[in-house]
Structure formats: structure tokens, C-alpha cells
Amino acid sequence: MPLVNLPAFAPDLIADLEKLGTERVDTPVIQPAEPFLDMAGEDLRRRIFMTESETGKSLCLRPEFTIPVCLRHIETVTGTPRRYAYLGEVFRQRREGSNEFYQAGIEDLGEPDVAQADARAVRDALTVLANRLPGINLSIVLGDQSVFEAVVAACGLPTGWQKRLVHAFGNQAQLQKLMADLSDPAPSGVFGPEVERLAILGKLDDEAGLIAHIDETMEATGYSTNASRSPADIAKRLREKMELANTRLDSRTLGLLKEFLALELSLADAPQALAAFADKAGLSLGEALARFESRVAALRQAGVDPATITYRAAFGRPLDYYTGLVFEIEGNALVLAGGGRFDRLLTLLGAKERIPAVGFSLWLDRIASVKGAAA
């Protein structure tokens, strides 16, 4: 079926993607909903168009290409490294613009040189945009989730809080709320009277006693026959909630997190600034900082001047599967391209071995808008 309402520049864009050494692939418009609901993030989940099969299986209209391309790679048992290109329609509810629009992009799977692959993704996105929009000033902002994870881990927070903070990376409002929760005591009764009673009885500190109490309660109420979680699972979750509620950041650690998240400067200066921050704070950022420095060097080797890129420590993108590099490219105040690294995604989707991966997407309607305004 021919693609309709494609911008006139689409054939040239496809040619650009082919010149970058990619294999063009397509994926079905109707996709299983579960991978997107589990891995895409809340921002995308609430904008997905859902439906059902005749057997009751949850399906959705394709809201993006990364997950479908990865699923296709796994299903076809294709080796790596592979560079896939795509161009097709995606469907999601948007505040502005059509709910049905075109995206193109590249998914780079299995390249062992992570720094080189990251730099290539940024360079390729820039190249395709510059070819479509000659004379338009393109600005790039870059973040790194793995550096944030390293900072949070070095601060010594409990695992539960680390997960919460990392999950909120890139969402300023959510991060600020979590940090406020860490600095202020939780209100009494936050977990309900039953959990408060267990805490008073001291059962939350007695794992065996807590499990036995939950098991007895489930038996007495008849809940055990339909329980989706075991007494041990419930006990673990209750103790985790109490640990999270009782964790408080001292003012120094809270100040360090705020200082890190406030960093915004040229990417060329960022490695030195991050090293200085770590030294001053007495934090070991180890491999995360080494990977960051390697990426900056790889960008230079790829012909992209790091001085033209803004590094923002708090910058993230609203997709849960990102693990490291995240970036966006703007033109005329519109986000025209966005991407990042997603090293855990293929394993979560069923790949038998870990496959490093990075990619980017282009919004063709926004590119067309900028191009039309410049004409």
C-alpha cells in the first residue's frame, strides 16, 4: 500500500538513510500492546490507541518504531551488528498536530564500540536534518542517564529510592517531588492502619513473623486462593515501603543532587565539570564518567564539534527503556529528532543475549513545517 501525505522530501530522506549503511525495514501497524505498556513509559502509554483481538489479546496501533524494530530483529534471528532504517506512520494522541504522522529513523543494534555508535547516532541525525533544512540553525541538547544513575548510587541511597529517582530521570516535576519526599517526613498513617499496626507490633522487622502473619490473614479472609502474590512477596513489598518512607536525605546529599541536576554547559567542557563535581563531592563516578569522556572524543572523531552541543545533566526523554545517552535536536523551537541508548531493551523483549543498542527518530511533519516556514 503506497504511503499517502508523505512530505515531498521523503524520497531524498530515504536515500540519505541508505547512504548511511542501513537496511530499510517495515513493521506491522497493529502491534502487541504489552511491550509498549511495560517498557515505553507513562508519557507514551497514556497516548496509545488500544484495541483487542477476537481472542481478547491487547493490541495497539504502532505508537513508535524502536520496540517493533527490535521485536522484528529478535523474531528473524538476525545476527549483529545491524543498522536498520525505517519510515512509516505512527499513531499517538498529541496535544498539537495530527494523531497520525510519519517518523523515520535508524536503530543501530549490536555495535560493541558504544562510544562510536553513540557518536554516529548524533552525527547521522544531524546529517539527515541538515540535508533537508540547509541554512536552518539546529541546536542539540544531550543528557546521560547512566551518569545520573552513578551519582545516585554514589550517594548511598537504598535501592528502592535509586530506582524511583532513575525512573523519574528527565521528568523535572517528578524528580523535584521525589527529592522533596526524601527531605521531609512522610505523614503519619501513609500506609494505612494495618501496616501501622504491624510496625507497632514490631512484625515489619521480623521477616518470618511478618510472612506468617500475612499468610494467616490471607487464609482467614479467603484471599489466598486468588492471590497473585505470595505472602513473602507482600512482606518484601511492605518492608520496602517502610524503608523508603523512613529514608531521609541529609542536607549535604540533597544539595549534591541538586547541584548535579543544575549542571548545564557546553559538552566540550562537561567531562572536566563532571570530574570536578565528583572530586568536590567525594563521589566515585567510575565507568560512567569514562564512558562519557569516550563519547565526547568519539563525537570529535565523527566530525561533530562538542562545543556546539549543550550538556544538561537533568535532561532525559519520556521513554522508560533508555539507559545512557539521550539527545534531541531542535530547529525553529521544534524538536525535530530525538534518540538515545537502550541496552536493556532487547533482552527484556526476549533476546537470548545482551545486545547494545542506540537509535534516533525524526518527526517528518515538524521537519516539513520548518522547511515550509523557511521557503
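Helices here are DSSP runs of H or I with at least four residues, strands are runs of E with at least two, and both are numbered from the N terminus. The model is a predicted one, and its protein chain contains 16 helices and twelve strands. Of the 375 residues in the chain, 49% count as buried. Among contacts between residues at least 6 apart in sequence, 68% join residues that are at least 24 apart.

**The loop between α4 and β5**

- Helix α4 covers residues 66-75 and strand β5 covers residues 82-91, and proline 81 sits in the loop that lies between these two elements.
- The peptide bond that leads from threonine 80 to proline 81 is cis, and its omega angle is near 5°.
- Is valine 77 buried or exposed? Its relative accessibility is 73%, and a residue over 50% is classed as exposed, so valine 77 counts as exposed.

- Alanine 333 is not a glycine either, yet its phi is positive, at about 65°.
- The residue belongs to the loop between strand β10, residues 325-331, and strand β11, residues 334-341.
- Alanine 333 has a relative accessibility of 69% and therefore counts as exposed.

**Buried residues and their partners**

- Threonine 66 lies in helix α4, and it is classed as buried because its relative accessible area is 7%, where the cut-off for buried is under 20%.
- The side chain of threonine 66 makes a polar contact of 2.8 Å with the side chain of glutamate 107.
- Once its neighbours within four places in sequence are set aside, threonine 66 is in contact with Glu107, Tyr321, Phe342 and Leu345.
- Tyrosine 86 is part of strand β5, and with a relative accessible area of 1% it is buried.
- Tyrosine 86 and serine 361 are 275 residues apart along the chain, while their C-alpha atoms are separated by 9.1 Å.
- Leaving out neighbours within four places in sequence, the contacts of tyrosine 86 include Leu17, Val25, Phe65, Val69, Glu107, Phe360 and Ser361.
- Apart from its neighbours within four places in sequence, aspartate 144 is in contact with Phe169, Phe292, Arg295, Tyr311, Phe315, Gly324, Leu325 and Val326.

**Helix α6 against helix α7**

- Helix α6, residues 145-154, packs with helix α7, residues 159-167, at an angle of about 150°, and the two axes are 10 Å apart.
- Because angles over 145 degrees count as roughly antiparallel, α6 is described as roughly antiparallel to α7.
- The crossing of these two helices, α6 and α7, is right-handed.
- On the α6 side the contact is made by Gln145, Phe148, Glu149, Val152 and Ala153, and on the α7 side by Gln162, Leu165 and Val166.
- Sorted by class, the residues of the contact between α6 and α7 are five nonpolar, two polar and one charged.

**Helix α12 against helix α13**

- The axes of helix α12, residues 251-261, and helix α13, residues 270-281, come within 12 Å of each other and cross at roughly 175°.
- How do α12 and α13 run, roughly parallel or roughly antiparallel? They are roughly antiparallel to each other.
- Arg252, Leu256, Glu259 and Phe260 of α12 make the contact together with Leu274, Phe277, Lys280 and Ala281 of α13.
- In the contact of α12 with α13, five residues are nonpolar, none is polar and three are charged.

Terms used: Residues numbered from 1 in each chain as written. Predicted model: local features only at pLDDT ≥ 70, side-chain atom pairs only at ≥ 80, totals over all residues. Heavy atoms only, no water. Axes fitted to C-alpha atoms, helices over the stretch in contact; angles between N-to-C directions. Parallel < 35°, antiparallel > 145°, perpendicular 65-115°, else oblique. Left-handed = near helix turned anticlockwise from the far one by under 90°. Contact = heavy atoms within 4.5 Å. Nonpolar A, V, L, I, M, F, W, Y, C, P; charged D, E, K, R; others polar. Buried < 20%, exposed > 50% of the residue type's maximum accessible area, 1.4 Å probe, protein only. Polar contact = N/O pair within 3.5 Å; in protein donor to acceptor, adjacent residues only side chain to side chain.
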